[in-house]
Amino acid sequence: AECLDRIRLGMNYALSCTRPTGVTVPYGDSDPAEDAVLPAALAVAALGESGWLTRLRHLMGDARVREVCRKYPFDLCTVNWDVRAGEDEALRVPETMFQPQLGQAMFRSDWTEHAFSVFFGCRIPCYNGHSHIDPASFDFCALGRALVVDPGRYTYRECPERRRFKSAAMHSTLTLDGADPYAYETRWTFRGEKDGAVCGVHAVPGGVWADAVQTSYFPAVHTRMLFLAQDEFLLVWDRVTHRKSRRVDVFFHIDSTEVEISDGTVYAQNEVSLAVRASDSLTPGIEPGEISETMDRSRPSSRIRLTDEGSSCAEFAAVLVPYRGSRPVISPVRFEPCGGAAFSVNGTEYRFAWDALRDEVRMERARNDEAKTKETW
(Lines give C-alpha, C1' and ligand atoms only; values in the text may rest on other atoms or scores of the structure.)
Protein backbone atom coordinates (compact mmCIF):
# COMPACT_ATOMS: atom_id res chain seq x y z
CA ALA A 1 0.00 0.00 0.00
CA GLU A 2 2.82 2.42 0.84
CA CYS A 3 4.50 1.67 -2.49
CA LEU A 4 1.26 2.37 -4.37
CA ASP A 5 0.79 5.63 -2.47
CA ARG A 6 4.29 6.69 -3.51
CA ILE A 7 3.56 5.82 -7.13
CA ARG A 8 0.36 7.88 -7.02
CA LEU A 9 2.20 10.85 -5.52
CA GLY A 10 4.86 10.52 -8.23
CA MET A 11 2.20 10.45 -10.92
CA ASN A 12 0.58 13.58 -9.49
CA TYR A 13 4.00 15.26 -9.54
CA ALA A 14 4.63 14.25 -13.17
CA LEU A 15 1.26 15.65 -14.17
CA SER A 16 1.79 18.87 -12.17
CA CYS A 17 5.12 19.40 -14.01
CA THR A 18 3.29 19.18 -17.32
CA ARG A 19 2.35 22.40 -19.04
CA PRO A 20 -1.24 22.75 -20.25
CA THR A 21 0.31 22.24 -23.71
CA GLY A 22 1.07 18.60 -22.80
CA VAL A 23 4.87 18.83 -22.47
CA THR A 24 6.87 18.93 -19.26
CA VAL A 25 8.56 22.14 -18.10
CA PRO A 26 12.25 21.98 -19.21
CA TYR A 27 13.65 22.82 -15.78
CA GLY A 28 17.46 22.58 -15.65
CA ASP A 29 19.04 20.20 -18.15
CA SER A 30 15.89 18.86 -19.79
CA ASP A 31 13.74 19.27 -22.88
CA PRO A 32 10.04 20.08 -23.14
CA ALA A 33 8.69 16.63 -23.96
CA GLU A 34 5.62 14.44 -23.57
CA ASP A 35 7.31 12.70 -20.66
CA ALA A 36 4.18 12.23 -18.55
CA VAL A 37 2.50 9.97 -21.12
CA LEU A 38 4.78 6.96 -20.54
CA PRO A 39 4.24 6.71 -16.74
CA ALA A 40 0.53 7.45 -17.24
CA ALA A 41 0.30 4.57 -19.72
CA LEU A 42 2.27 2.35 -17.31
CA ALA A 43 -0.26 3.19 -14.60
CA VAL A 44 -3.02 1.89 -16.87
CA ALA A 45 -1.14 -1.31 -17.70
CA ALA A 46 0.23 -2.06 -14.21
CA LEU A 47 -2.34 -0.56 -11.84
CA GLY A 48 -5.48 -0.44 -13.92
CA GLU A 49 -5.75 3.30 -13.11
CA SER A 50 -6.48 5.45 -16.15
CA GLY A 51 -7.07 8.80 -14.47
CA TRP A 52 -3.69 10.35 -15.27
CA LEU A 53 -3.80 9.27 -18.91
CA THR A 54 -7.36 10.57 -19.12
CA ARG A 55 -6.19 13.96 -17.84
CA LEU A 56 -3.41 14.05 -20.45
CA ARG A 57 -5.94 13.16 -23.15
CA HIS A 58 -7.92 16.17 -22.05
CA LEU A 59 -4.85 18.43 -22.31
CA MET A 60 -3.27 16.96 -25.44
CA GLY A 61 -6.13 15.42 -27.40
CA ASP A 62 -6.76 11.74 -28.04
CA ALA A 63 -4.87 11.55 -31.34
CA ARG A 64 -1.66 12.96 -29.84
CA VAL A 65 -1.80 10.70 -26.78
CA ARG A 66 -2.44 7.61 -28.93
CA GLU A 67 0.51 8.54 -31.15
CA VAL A 68 2.83 8.74 -28.13
CA CYS A 69 1.45 5.49 -26.68
CA ARG A 70 2.15 3.64 -29.92
CA LYS A 71 5.88 4.18 -29.32
CA TYR A 72 5.61 1.85 -26.33
CA PRO A 73 4.45 -1.80 -26.06
CA PHE A 74 1.10 -1.07 -24.43
CA ASP A 75 -2.27 -2.52 -25.25
CA LEU A 76 -4.39 0.56 -25.98
CA CYS A 77 -7.48 -1.59 -25.56
CA THR A 78 -6.98 -1.35 -21.78
CA VAL A 79 -7.76 2.39 -21.93
CA ASN A 80 -11.37 3.45 -21.62
CA TRP A 81 -11.42 6.10 -24.35
CA ASP A 82 -15.04 6.97 -23.59
CA VAL A 83 -14.15 8.54 -20.22
CA ARG A 84 -13.35 12.26 -20.31
CA ALA A 85 -11.15 13.95 -17.71
CA GLY A 86 -14.00 15.84 -16.08
CA GLU A 87 -15.95 12.61 -15.60
CA ASP A 88 -13.16 10.55 -14.04
CA GLU A 89 -14.00 10.44 -10.35
CA ALA A 90 -10.87 8.45 -9.57
CA LEU A 91 -8.56 11.36 -10.42
CA ARG A 92 -7.79 13.79 -7.61
CA VAL A 93 -4.88 15.94 -8.78
CA PRO A 94 -4.85 19.31 -7.00
CA GLU A 95 -4.30 22.57 -8.88
CA THR A 96 -1.42 23.38 -6.50
CA MET A 97 1.60 21.29 -5.54
CA PHE A 98 4.50 22.15 -3.22
CA GLN A 99 7.68 20.06 -3.18
CA PRO A 100 9.90 21.56 -0.44
CA GLN A 101 12.60 18.90 -0.86
CA LEU A 102 12.98 19.86 -4.53
CA GLY A 103 12.41 23.58 -3.99
CA GLN A 104 9.49 23.62 -6.43
CA ALA A 105 5.91 24.89 -6.50
CA MET A 106 3.44 24.24 -9.31
CA PHE A 107 0.02 25.87 -9.57
CA ARG A 108 -2.60 26.47 -12.23
CA SER A 109 -6.07 27.93 -12.60
CA ASP A 110 -7.62 24.60 -13.71
CA TRP A 111 -6.85 21.39 -15.61
CA THR A 112 -7.84 22.51 -19.11
CA GLU A 113 -5.50 23.15 -22.03
CA HIS A 114 -6.21 26.90 -21.74
CA ALA A 115 -5.27 27.15 -18.05
CA PHE A 116 -2.96 29.74 -16.55
CA SER A 117 -0.08 27.66 -15.19
CA VAL A 118 3.13 28.41 -13.25
CA PHE A 119 6.19 26.32 -12.41
CA PHE A 120 8.35 28.06 -9.75
CA GLY A 121 11.73 26.79 -8.57
CA CYS A 122 14.44 27.76 -6.07
CA ARG A 123 16.86 25.34 -4.42
CA ILE A 124 20.31 26.43 -3.31
CA PRO A 125 22.88 24.96 -2.84
CA CYS A 126 22.43 23.20 -6.17
CA TYR A 127 21.97 19.47 -5.73
CA ASN A 128 23.43 18.28 -9.05
CA GLY A 129 25.32 19.50 -12.08
CA HIS A 130 22.17 19.53 -14.20
CA SER A 131 20.94 22.57 -12.27
CA HIS A 132 21.01 26.03 -13.83
CA ILE A 133 21.80 29.37 -12.18
CA ASP A 134 18.13 30.23 -11.87
CA PRO A 135 17.03 30.88 -8.26
CA ALA A 136 13.37 32.00 -8.10
CA SER A 137 12.93 31.62 -11.86
CA PHE A 138 9.58 30.49 -13.25
CA ASP A 139 7.74 29.12 -16.29
CA PHE A 140 4.37 30.65 -17.24
CA CYS A 141 1.76 29.30 -19.67
CA ALA A 142 -1.68 30.64 -20.56
CA LEU A 143 -4.41 30.23 -23.18
CA GLY A 144 -2.76 27.13 -24.64
CA ARG A 145 0.75 28.52 -25.10
CA ALA A 146 4.05 28.72 -23.20
CA LEU A 147 4.86 32.42 -22.74
CA VAL A 148 7.67 32.84 -20.18
CA VAL A 149 9.99 29.88 -20.55
CA ASP A 150 13.17 28.17 -19.43
CA PRO A 151 15.80 28.27 -22.21
CA GLY A 152 16.49 24.52 -22.06
CA ARG A 153 19.90 22.82 -21.97
CA TYR A 154 21.21 22.99 -25.58
CA THR A 155 24.45 21.12 -24.88
CA TYR A 156 26.53 19.24 -22.33
CA ARG A 157 29.82 20.27 -23.96
CA GLU A 158 32.15 22.63 -22.10
CA CYS A 159 31.71 25.70 -24.28
CA PRO A 160 30.40 29.29 -24.21
CA GLU A 161 26.92 28.05 -25.14
CA ARG A 162 26.78 25.78 -22.07
CA ARG A 163 27.75 28.72 -19.86
CA ARG A 164 25.22 31.04 -21.53
CA PHE A 165 22.27 28.65 -21.34
CA LYS A 166 22.91 28.01 -17.64
CA SER A 167 23.32 31.72 -16.72
CA ALA A 168 20.83 33.69 -14.64
CA ALA A 169 20.27 36.27 -17.38
CA MET A 170 18.87 33.55 -19.68
CA HIS A 171 16.22 32.71 -17.08
CA SER A 172 13.30 34.65 -15.62
CA THR A 173 14.91 35.85 -12.44
CA LEU A 174 16.65 38.88 -10.89
CA THR A 175 20.33 39.79 -10.99
CA LEU A 176 22.46 42.42 -9.24
CA ASP A 177 25.15 44.40 -11.08
CA GLY A 178 24.80 42.07 -14.06
CA ALA A 179 26.40 39.17 -12.19
CA ASP A 180 25.18 35.63 -11.59
CA PRO A 181 24.23 35.00 -7.94
CA TYR A 182 26.89 32.28 -7.85
CA ALA A 183 29.63 31.25 -10.25
CA TYR A 184 29.64 28.74 -13.10
CA GLU A 185 32.83 26.75 -12.42
CA THR A 186 32.56 23.86 -14.87
CA ARG A 187 29.70 22.47 -16.93
CA TRP A 188 28.73 20.34 -13.88
CA THR A 189 29.81 22.45 -10.89
CA PHE A 190 29.18 25.85 -9.29
CA ARG A 191 31.01 27.99 -6.74
CA GLY A 192 29.84 30.50 -4.12
CA GLU A 193 26.26 29.26 -3.59
CA LYS A 194 24.57 30.19 -0.36
CA ASP A 195 20.97 29.33 0.50
CA GLY A 196 17.63 29.52 -1.30
CA ALA A 197 14.24 27.83 -1.16
CA VAL A 198 10.61 28.06 -2.18
CA CYS A 199 8.74 28.88 1.03
CA GLY A 200 5.29 27.62 0.08
CA VAL A 201 2.26 27.87 -2.17
CA HIS A 202 -1.17 29.00 -0.96
CA ALA A 203 -4.63 29.22 -2.50
CA VAL A 204 -6.57 32.34 -1.52
CA PRO A 205 -9.79 33.93 -2.81
CA GLY A 206 -9.11 35.09 -6.34
CA GLY A 207 -5.92 33.19 -7.00
CA VAL A 208 -2.80 31.36 -5.80
CA TRP A 209 0.48 32.76 -4.53
CA ALA A 210 3.93 31.37 -3.79
CA ASP A 211 7.15 32.90 -2.50
CA ALA A 212 10.86 32.11 -2.47
CA VAL A 213 13.99 33.57 -0.88
CA GLN A 214 17.65 33.33 -1.88
CA THR A 215 20.79 34.75 -0.24
CA SER A 216 23.55 34.17 -2.80
CA TYR A 217 23.97 37.95 -3.31
CA PHE A 218 24.71 38.34 0.40
CA PRO A 219 24.50 40.76 2.14
CA ALA A 220 21.62 41.46 -0.27
CA VAL A 221 18.66 39.10 0.15
CA HIS A 222 16.23 38.54 -2.72
CA THR A 223 12.66 37.51 -2.00
CA ARG A 224 10.10 36.92 -4.77
CA MET A 225 6.34 36.50 -4.62
CA LEU A 226 4.25 35.26 -7.56
CA PHE A 227 0.48 35.82 -7.50
CA LEU A 228 -1.55 34.03 -10.18
CA ALA A 229 -4.95 35.69 -10.56
CA GLN A 230 -7.55 33.30 -11.91
CA ASP A 231 -7.37 33.52 -15.73
CA GLU A 232 -6.30 37.19 -15.63
CA PHE A 233 -2.63 37.91 -14.93
CA LEU A 234 0.55 36.97 -13.08
CA LEU A 235 2.03 39.46 -10.61
CA VAL A 236 5.80 39.15 -10.06
CA TRP A 237 6.87 41.06 -6.95
CA ASP A 238 10.54 41.23 -5.88
CA ARG A 239 12.11 42.60 -2.72
CA VAL A 240 15.85 43.18 -2.36
CA THR A 241 17.08 44.11 1.10
CA HIS A 242 20.60 45.47 1.79
CA ARG A 243 20.85 46.33 -1.89
CA LYS A 244 23.29 49.23 -1.38
CA SER A 245 22.45 50.95 -4.71
CA ARG A 246 23.50 47.97 -6.81
CA ARG A 247 21.94 47.76 -10.27
CA VAL A 248 18.87 45.54 -10.46
CA ASP A 249 17.88 43.66 -13.63
CA VAL A 250 14.68 41.61 -13.76
CA PHE A 251 14.63 39.23 -16.74
CA PHE A 252 11.67 37.48 -18.37
CA HIS A 253 12.60 34.98 -21.11
CA ILE A 254 9.81 35.21 -23.69
CA ASP A 255 8.96 32.65 -26.36
CA SER A 256 8.49 35.28 -29.06
CA THR A 257 10.65 37.29 -31.44
CA GLU A 258 8.03 39.98 -32.07
CA VAL A 259 8.53 42.19 -29.02
CA GLU A 260 8.13 45.96 -28.75
CA ILE A 261 7.83 48.68 -26.13
CA SER A 262 4.95 51.15 -26.31
CA ASP A 263 4.17 53.77 -23.65
CA GLY A 264 6.09 51.86 -20.99
CA THR A 265 4.43 48.49 -21.67
CA VAL A 266 6.27 45.61 -23.34
CA TYR A 267 4.20 43.61 -25.84
CA ALA A 268 5.36 40.16 -26.97
CA GLN A 269 3.21 39.17 -29.94
CA ASN A 270 2.24 35.70 -31.09
CA GLU A 271 -0.93 33.65 -31.52
CA VAL A 272 -1.20 34.20 -27.75
CA SER A 273 0.46 37.48 -26.79
CA LEU A 274 1.82 38.82 -23.52
CA ALA A 275 1.81 42.36 -22.12
CA VAL A 276 4.26 43.30 -19.34
CA ARG A 277 4.11 46.49 -17.26
CA ALA A 278 6.47 47.16 -14.38
CA SER A 279 6.82 49.58 -11.48
CA ASP A 280 8.14 53.05 -12.33
CA SER A 281 11.74 52.57 -11.19
CA LEU A 282 12.24 49.78 -13.75
CA THR A 283 13.15 50.80 -17.30
CA PRO A 284 12.13 48.21 -19.91
CA GLY A 285 14.46 46.91 -22.60
CA ILE A 286 14.55 44.01 -25.06
CA GLU A 287 17.47 41.64 -25.60
CA PRO A 288 17.89 38.59 -27.83
CA GLY A 289 17.29 35.17 -26.34
CA GLU A 290 17.65 31.57 -27.39
CA ILE A 291 15.52 28.50 -26.67
CA SER A 292 16.67 24.88 -27.03
CA GLU A 293 14.03 22.16 -27.24
CA THR A 294 16.33 19.35 -28.42
CA MET A 295 20.00 18.68 -27.89
CA ASP A 296 22.41 20.88 -29.94
CA ARG A 297 19.57 22.80 -31.57
CA SER A 298 18.13 26.20 -30.72
CA ARG A 299 15.87 28.89 -32.06
CA PRO A 300 15.67 32.65 -31.43
CA SER A 301 13.56 34.17 -28.67
CA SER A 302 13.54 37.42 -26.69
CA ARG A 303 14.31 38.50 -23.17
CA ILE A 304 12.59 41.40 -21.46
CA ARG A 305 15.02 43.24 -19.22
CA LEU A 306 13.67 45.61 -16.56
CA THR A 307 16.46 47.73 -15.07
CA ASP A 308 16.86 49.95 -12.02
CA GLU A 309 20.22 51.72 -12.24
CA GLY A 310 21.06 52.04 -8.57
CA SER A 311 18.11 53.88 -7.02
CA SER A 312 17.16 53.43 -3.37
CA CYS A 313 14.16 51.20 -4.19
CA ALA A 314 13.90 47.87 -2.42
CA GLU A 315 10.70 46.72 -4.16
CA PHE A 316 10.12 45.91 -7.81
CA ALA A 317 7.07 44.45 -9.50
CA ALA A 318 5.70 43.58 -12.93
CA VAL A 319 2.28 42.49 -14.16
CA LEU A 320 2.15 39.89 -16.95
CA VAL A 321 -1.14 39.80 -18.86
CA PRO A 322 -1.72 37.13 -21.56
CA TYR A 323 -4.18 38.09 -24.26
CA ARG A 324 -5.62 37.48 -27.69
CA GLY A 325 -6.90 40.33 -29.85
CA SER A 326 -6.64 43.92 -28.64
CA ARG A 327 -3.83 44.94 -26.32
CA PRO A 328 -4.66 45.31 -22.62
CA VAL A 329 -4.13 48.68 -20.96
CA ILE A 330 -2.02 48.25 -17.81
CA SER A 331 -1.00 50.98 -15.38
CA PRO A 332 2.45 50.98 -13.75
CA VAL A 333 2.63 49.10 -10.47
CA ARG A 334 2.77 51.60 -7.61
CA PHE A 335 3.81 50.82 -4.06
CA GLU A 336 1.66 52.24 -1.29
CA PRO A 337 2.78 53.52 2.14
CA CYS A 338 1.08 50.60 3.91
CA GLY A 339 3.37 48.13 2.11
CA GLY A 340 0.90 47.18 -0.61
CA ALA A 341 1.08 47.27 -4.39
CA ALA A 342 -1.63 48.53 -6.74
CA PHE A 343 -2.22 48.68 -10.51
CA SER A 344 -5.04 48.51 -13.02
CA VAL A 345 -5.73 46.27 -16.01
CA ASN A 346 -8.25 47.57 -18.56
CA GLY A 347 -9.65 49.96 -15.99
CA THR A 348 -10.06 47.44 -13.17
CA GLU A 349 -8.06 48.31 -10.06
CA TYR A 350 -6.15 45.62 -8.13
CA ARG A 351 -4.48 45.92 -4.72
CA PHE A 352 -2.23 43.42 -2.99
CA ALA A 353 -0.60 43.28 0.43
CA TRP A 354 2.20 40.73 0.46
CA ASP A 355 2.68 40.87 4.23
CA ALA A 356 -1.05 40.47 4.80
CA LEU A 357 -0.99 37.29 2.70
CA ARG A 358 1.85 35.96 4.85
CA ASP A 359 0.02 36.93 8.05
CA GLU A 360 -3.06 35.03 6.88
CA VAL A 361 -0.91 31.91 6.33
CA ARG A 362 0.58 32.30 9.82
CA MET A 363 -2.88 32.65 11.35
CA GLU A 364 -4.16 29.63 9.44
CA ARG A 365 -1.20 27.55 10.66
CA ALA A 366 -1.84 28.74 14.23
CA ARG A 367 -5.51 27.75 13.94
CA ASN A 368 -4.51 24.31 12.60
CA ASP A 369 -1.95 23.83 15.37
CA GLU A 370 -4.55 24.81 17.99
CA ALA A 371 -7.04 22.34 16.52
CA LYS A 372 -4.43 19.57 16.52
CA THR A 373 -3.56 20.36 20.15
CA LYS A 374 -7.22 20.11 21.16
CA GLU A 375 -7.52 16.80 19.33
CA THR A 376 -4.44 15.49 21.14
CA TRP A 377 -5.81 16.42 24.52
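A salt bridge here is a side-chain nitrogen of Lys or Arg within 4 Å of a carboxyl oxygen of Asp or Glu. With that in hand I counted, and the structure holds 27 salt bridges.

I kept in mind that this is a predicted model, where local features need pLDDT of at least 70, side-chain atom pairs count only at pLDDT 80 or more, and totals for chains, interfaces and linings use all residues. Residues are numbered from 1 along each chain as its sequence is written, and side-chain values use heavy atoms, with hydrogens and water left out.

**Entry: Asp-238 and Arg-224.** I found these two in a salt bridge, with the closest N and O atoms 2.7 Å apart. Asp-238 sits in strand E13 (233–241) and Arg-224 in strand E12 (221–229), so the pair ties together parts 14 residues apart in sequence. (Strands are DSSP runs of E, at least two residues, numbered from the N terminus.) I looked up burial too: Asp-238 is buried at 1% relative accessible area, and Arg-224 is buried at 0%. Buried means under 20%, exposed over 50%, partly exposed in between, with a 1.4 Å probe and protein chains only.

**Entry: Arg-239 and Glu-315.** Their closest N and O atoms are 3.2 Å apart, in another salt bridge. This pair links distant parts of the chain, strand E13 and strand E20 (315–323), 76 residues apart. Arg-239 is buried at 14%, while Glu-315 is partly exposed at 23%.

**Entry: a network.** I also noted that salt bridges link Arg-247, Asp-249, Glu-287, Arg-303 and Arg-305 in a network.

Notes: Helices (H or I, at least four residues) and strands (E, at least two) are DSSP runs, numbered from the N terminus.
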